[in-house]
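Dear colleague,

I am passing on the structure below, together with some notes on what came out of it. Please read the notes alongside the coordinates.

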Amino acid sequence: MKTFAALAFSSAMTLLLAGCAAGPTGTNRPLRPIANPSEVIATELAFARAAKDQGTWTAFRQFATRDAQWPGPQWENVQAALKDAPDPAKAIEWEPDQVWSSCDGSFALSTGPALHPTGKRTRFVTIWQRQDNGDYRWVLDQGFDLEAGYAEPEMIAARVADCPEGRSNRVARVAKARRAATWASGQSDDATLSWTTDLRADCGRTLVLSAMQDGAMHEVFRKVAKAPAVPANGTRPSC
C-alpha cells in the first residue's frame with residue numbers, strides 16, 4: 001500500500017486552480033491503468049466548489065454518472081431523484097480528508113466532513129469511477145455520522161492499493177467504464193479495491209472498503225449508519 005499526502009494535496013490544488021471548478025472537462029491523452037489520487041482529490045474539491053457556485057443539486061447532477069445511486073433511504077437513481085429539484089438557498093459544504101484508489105485508478109473512494117445548512121456535520125463517502133475521457137464521476141454517495149471530537153488533519157491522506165503481482169503499467173488499453181444496475185457494492189477493474197454496503201431492513205447501513213495489501217484483500221475503512229429516525233407522520237421507513 002502506497003501513501004501520498006502533501007504531494008497529492010499540492011497537485012490537487014494546482015489542478016483545481018487551473019480550472020477544475022468549472023466541472024469535468026475530459027482529456028485527449030491516452031489513458032493508462034495507473035492510480036491518480038491527486039486527480040480524485042481535485043475532482044472532489046471541484047465538486048464542492050461547484051456546489052457553492054452553482055447550487056448543491058446542480059453540482060450533484062453534474063458530477064454523477066447517469067446510473068449513480070444513493071440511499072434515500074432505499075437505493076435510488078440520483079439523476080432521477082434530483083430531476084428538476086431546485087437548489088437549496090445555502091449549499092452543503094464539504095472537503096475530503098482521505099482518498100483510497102485502486103492500483104489501476106479505475107475506482108476510488110473519497111471521504112471527509114460535510115457541513116449542512118442546518119448546522120449538522122456528517123461524513124460523506126463517495127465512490128468515483130474513471131470515465132472513458134479520463135474524468136472522474138461519482139457512482140455512489142452515502143452519508144454517515146461524523147466521529148465525535150473530529151479534528152481536521154493537516155493534509156489529505158491519499159492511499160493506493162497494492163498492484164496485482166506481475167502487473168505491468170505498460171498495459172496498452174484501459175477497459176471502458178462500465179455501467180451497472182447497482183453500485184451499492186462493487187470492485188475496481190483490477191480487483192484491488194472493493195466495497196460492500198449492507199442495507200438492513202430498518203434502512204441502517206454498513207459500508208466496508210477493502211484494498212489489496214501484501215498480496216491479500218484487507219478491510220481498510222468501515223462506516224455504520226443508524227436507522228433513520230421516524231418521520232413526523234409516524235411511519236418508519238422500511239428497506
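A residue is called buried here when its relative accessible area is under 20%, exposed when that area is over 50%, and partly exposed in between, with a 1.4 Å probe and protein chains only. By that criterion, 45% of the 239 residues of the protein chain count as buried. This is a predicted model, in which local features need pLDDT of at least 70 and side-chain atom pairs count only at pLDDT 80 or more, while totals for chains, interfaces and linings use all residues. Residues are numbered from 1 along each chain as its sequence is written, and side-chain values use heavy atoms, with hydrogens and water left out.

The protein chain has 4 helices and 13 strands, taken as DSSP runs (H or I, at least four residues, for helices; E, at least two, for strands) and numbered from the N terminus.

In helix α3, which spans residues 56-63, the buried residues are Thr56, Ala59, Phe60 and Phe63. These residues lie on the same side of α3, because they cover an arc of only 100 degrees around the axis, the arc being that of the directions from the helix axis to the C-beta atoms. Their cover includes α2 (37-54), β2 (64-71), β4 (93-94), β7 (121-130) and β8 (136-145).

Elsewhere, an open sheet of 4 strands runs in the order β10-β11-β12-β13 with antiparallel pairing, where two strands pair if DSSP finds at least two bridges between them. β10 (186-187) and β13 (216-225) stand at the edges with a single partner strand each, so one side of each is left without a neighbour in the sheet. β10 pairs with β11 (residues 193-199) over 2 bridges, and Gln187 stands opposite Ser194 in β11.

Key:
Contact = heavy atoms within 4.5 Å.
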